[in-house]
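User: I'd like to go through this protein with you, starting with its charged residues. Could you take me through it step by step?

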Amino acid sequence: MKTKLLMAVAAMLLAATGAARAEDGPYVAASVGAFVGNDYTHAKTWKTAKGNADKKYASTIAAGYRLDDFRFELEGGFGRLADISGTKSATVTQPNGDLSMWTALAGAYYDIPVTKKYQPYVGLGGGVADLKNDSSLLVVKEGTHGALFAEAGLNMVVWDGLTVAPGYRYLWVDAKGGGSDYVTSHIVKLTARASF
């Protein structure tokens, strides 16, 4: 019985390491995700207008290059941080609207070589983010600002040259000024990456 159990465990370990790690060289990637937490400045009328925010989606496309256990990426993204709604009044002319963002970011990632099939990863990067706010219930400094991010996740090789990776990203946008504070976001995402 013990021998069969050991053989089963060995077979599982072999299966886990069976798929080849992504090869060095160029790749393309795309991700979809959701904003699970945002921090931005509410207007003074937020409470009286019964302001509400529904968190929305994030998406990116990227091109990168893998070199051993390191990856370097250039990425473009678009997301709607929130749909804002509230009650219109004499002091609140436009309660309903979106807070949206375009991003252009460069990042460096390290894939931790645990097995050939599964590699946790960490990454850092920065670039610019362009914010657009359509609701008078928020105080957001619109326009293009500097941005930084930190990310962690798990690479899973599903086929030679194809990797999927669930991950988490913290994004910080330097949009302080004009009564608004920095804009920060917590994003959960799923990335597909194809090497060629």
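Analyst: Let's begin with Glu73, which is buried, having a relative accessible area of 9%. Please keep in mind throughout that this is a predicted model.

User: What does the side chain of Glu73 meet in a salt bridge?

Analyst: The side chain of Glu73 meets that of Arg71 in a salt bridge, with a distance of 3.3 Å from N to O. Arg71 has a relative accessibility of 1%, so Arg71 counts as buried.

User: And which other residue forms a salt bridge with Arg71?

Analyst: Asp111 forms a salt bridge with Arg71 as well, and there the closest N and O atoms are 3.0 Å apart.

User: Is Asp111 buried or exposed?

Analyst: Asp111 is buried, because its relative accessibility is 0% and the cut-off for buried is under 20%.

User: How many salt bridges are there in the whole structure?

Analyst: A search of the whole structure finds 10 salt bridges. Another one of them is formed by Asp98 with Arg80, whose closest N and O atoms are 3.3 Å apart. Asp98 lies in strand β6 and Arg80 in strand β5, so this pair ties together parts of the chain that are 18 residues apart in sequence.

User: How accessible are Asp98 and Arg80?

Analyst: Asp98 is partly exposed, with a relative accessible area of 23%, and Arg80 also counts as partly exposed, at 22% relative accessibility.

User: Which residues are linked with Arg80 and Asp98 in a network of salt bridges?

Analyst: The network links Lys56 and Asp83 with Arg80 and Asp98 through salt bridges.

User: Switching to aromatics, how many aromatic pairs does the structure hold?

Analyst: The structure holds six aromatic pairs. One of them is made by Tyr57 and Phe78, whose ring centres are 6.3 Å apart and whose planes stand at 55°, so that the pair is tilted. Tyr57 sits in strand β4 and Phe78 in strand β5, 21 residues apart, and the pair therefore links distant parts of the chain.

User: What else does Phe78 form an aromatic pair with?

Analyst: Phe78 also forms a tilted pair with Trp102, at 4.6 Å centre to centre and with 50° between the planes. Because Phe78 lies in strand β5 and Trp102 in strand β6, that pair ties together parts that are 24 residues apart in sequence. Tyr57, Phe78 and Trp102 form one aromatic cluster.

User: Which charged residue lies over the face of Phe149?

Analyst: Arg169 lies over the face of Phe149, at 4.0 Å from the ring centre. Arg193 is placed over the face of Tyr27, at 5.9 Å from the ring centre of that tyrosine.

User: Now the surface: which residues make the nonpolar patch?

Analyst: The patch covers about 730 Å² and is made by Tyr65, Leu67, Phe70, Phe72, Tyr110, Ile112, Val114 and Val122. The elements that give two or more residues to the patch are β4 (57–67) and β5 (70–85).

User: Where does Tyr110 sit?

Analyst: Tyr110 has its place in strand β6, which spans residues 97–111, and Tyr110 is partly exposed, with a relative accessible area of 31%.

Terms used. Residues are numbered from 1 along each chain as its sequence is written. This is a predicted model: local features need pLDDT of at least 70, side-chain atom pairs count only at pLDDT 80 or more; totals for chains, interfaces and linings use all residues. Side-chain values use heavy atoms; hydrogens and water are left out. Patches are made of residues with over 30% relative accessible area and no salt bridge: like charges are joined within 9 Å, nonpolar side chains (Val, Leu, Ile, Met, Phe, Trp, Tyr) within 5 Å. Accessible areas come from the Shrake-Rupley method with a 1.4 Å probe; for residues, only the protein chains shown count as cover. A salt bridge is a side-chain nitrogen of Lys or Arg within 4 Å of a carboxyl oxygen of Asp or Glu. Helices (H or I, at least four residues) and strands (E, at least two) are DSSP runs, numbered from the N terminus. Buried means under 20% relative accessible area, exposed over 50%, partly exposed in between (1.4 Å probe, protein chains only). Rings of Phe, Tyr and Trp (its six-membered ring) pair if their centres lie within 6.5 Å; planes under 30 degrees apart count as stacked, over 60 as edge-to-face and the rest as tilted. A charge sits over a ring if NZ of Lys or CZ of Arg is within 6 Å of the ring centre and within 35 degrees of the ring normal.
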